[in-house]
Amino acid sequence: MDHDLLVVGAGISGLSMAYYAAEAGLKVRVLEQEQRPGGCLHSHRFGDASQFWLELGAHSAFNSYGNLLALLESAQALDRLRKRAKVGFRMFVDGKVRGIPSQLSIPNLLPAPWRLRGASKVGRTVAEYYGRIVGQRNYEAVFGPAFDAVICQPAGDYPAESLFQARPRRKDVPRGFTMEGGLQTIADLLSARPDLAVERDRAVRAVRREGETFIIQTDQGDYTARALCLATPVAVAVGLLKGAFPAVAGLLAEIGTATVETVGVALPADRLRLPPVAGLIGRNQPFYSIVSRDTVPDARWRGFSFHFRPAVLDEQGRLDCIARVLNVPKAELGSKNTVFKINQLPALRVGQGKRAIRLDIALAGTRLALAGNYFGGVAIEDCVTRARAEFERLQRQGW
Ligand SMILES: Cc1cc2nc3c(=O)[nH]c(=O)nc-3n(C[C@H](O)[C@H](O)[C@H](O)COP(=O)(O)OP(=O)(O)OC[C@H]3O[C@@H](n4cnc5c(N)ncnc54)[C@H](O)[C@@H]3O)c2cc1C
């Protein structure tokens, strides 16, 4: 047997799992299909003298991310946290940037504190729960588009319980933070641990079981291990497990996938008239949101990641849209300052909590672990929390 644990996927879920295993002295290896670890933690670094970076995926972490912070502390990286500058979100409506309060109906909002009392999220969708609290008009005009922007997919049918979760906050770190060099730095730091091997360009094609041994097939050859953790997007996990763990694959296949077509663009700051913003929330737009780098200001450059709805615009259409919103000639959006990425997120639905319990029952007693953003929620902290729980289960079961 080559390894105690093989981890498939070097996003935050897989890297956390591998980090816990390495700390416990286990022989662990991560197989990642890309050259870059991080998955949705993807700070694109423009390869020129500007050293400018831009988030193509996750952009914010918070002092309530206790498990993530504990990992960073263990990696002696808390001094690399950077506080996000306080700039607000605005909306992009009817071709114009508008303040959020201007879009709200205040009379409809006034009863919200009373409606919140005793309101339960259990079994309710985001639209049902929040629509009742903020009023239908406010939900459609502001809250619905804002929630779509938060989870980069239509949020109406998403479970209300999975959207925001209350967690204890650490007082010794900024409330909202990123890292020096962007959130990619988290993946770079975790994967740099010397006793944690991360192999890049290793797409896993198949998973087999022979007795107590997992056999993981890649184009470069097979790997064997006593335990396996899949930390890929859920659709990939379905494909890899349907032969060896059909019941688990069947449960995972019930979870849908939301695709986000992201385009990042960096422009000289003096080319733009848009005031500093954390981002723009789209209402009736081909994009859910535009996330800006203004939260980590740069003297010369500004950057924006447009998170487009899938299959609405082709590549040229997306560039047209960006040129229009930022009010710059399309010719200024070239291959050197524009970058494209496809992001995938789980489309969670009401009943996800029960499904997660059924998954855990199916996994109990096996040496297969599932880490990912399709359990409690999609936030980075949800991923680390799940990885930790799965690591602790494998520890309890014994290697
Ligand atoms: C646009 C966007 C904005 C977001 N903003 C925030 C935010 O601000 N704050 C926050 O907390 N969360 C945010 N999130 C959510 C969060 O970033 C993700 O849920 C989380 O990073 C997912 O991590 P993961 O490791 O589970 O999956 P992923 O990051 O998807 O990683 C999976 C990895 O598996 C690899 N892989 C896939 N198939 C194979 C295979 N066959 N073989 C080998 N490797 C494979 C992939 O290449 C990838 O590296 C955002 C997400 C997106 C998309």
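Modeller: The shell around the ligand draws at least three residues from each of domain 1 (3-82 + 174-255 + 351-397) and domain 2 (83-88 + 257-346), with bounds that come from an automatic or database domain assignment. Please keep in mind that this is a predicted model, in which local features need pLDDT of at least 70 and side-chain atom pairs count only at pLDDT 80 or more, while totals for chains, interfaces and linings use all residues. Residues are numbered from 1 along each chain as its sequence is written.

Colleague: Which element supplies the largest share of the shell around the ligand?

Modeller: Helices (H or I, at least four residues) and strands (E, at least two) are DSSP runs, numbered from the N terminus. At least two residues of the shell come from each of α1 (12-23), β14 (256-268), β18 (338-347) and α13 (380-397). The largest share, three residues, belongs to α1.

Colleague: Of the residues around the ligand, which come nearest?

Modeller: A residue is near a molecule or strand if its C-beta atom, placed from the backbone, lies within 6 Å of it. There are 36 residues around the ligand, and the nearest are Gly-9, Gly-11, Ser-13, Gly-39 and Ala-58.

Colleague: How many residues of that shell are charged?

Modeller: Ala, Val, Leu, Ile, Met, Phe, Trp, Tyr, Cys and Pro count as nonpolar, Asp, Glu, Lys and Arg as charged, and the others, Gly among them, as polar. On that basis the shell around the ligand has 19 nonpolar and 15 polar residues, and the charged ones number two.

Colleague: Which element gives the most to the side of domain 1 that touches domain 2?

Modeller: Contact here asks for C-beta atoms, placed from the backbone, that lie within 7 Å, and 25 residues of domain 1 are in contact with 22 residues of domain 2. On the domain 1 side, β4 (53-55), β9 and α9 (234-241) each supply at least two residues. The most, three residues, comes from β9.

Colleague: What angle does helix α11 make with β14?

Modeller: Axes are lines fitted to C-alpha atoms, for helices over the stretch in contact, and angles run from 0 to 180 degrees between N-to-C directions. Helix α11 (residues 315-326) packs on the seven-strand sheet, touching β7 (89-93), β14, β16 and β17. Its direction makes with that of β14 an angle of about 50 degrees.

Colleague: Is Glu-212 buried or exposed?

Modeller: Glu-212 is found in the loop between β11 (204-210) and β12 (213-218). A residue is buried if 20 or more other C-beta atoms lie within 10 Å of its own, exposed if 12 or fewer, and partly exposed in between, with C-beta atoms placed from the backbone. Because Glu-212 has 9 C-beta neighbours inside 10 Å, this residue counts as exposed.

Definitions and conventions:
Two residues are in contact if their C-beta atoms, placed from the backbone, lie within 7 Å. Two strands pair if DSSP finds at least two bridges between them.
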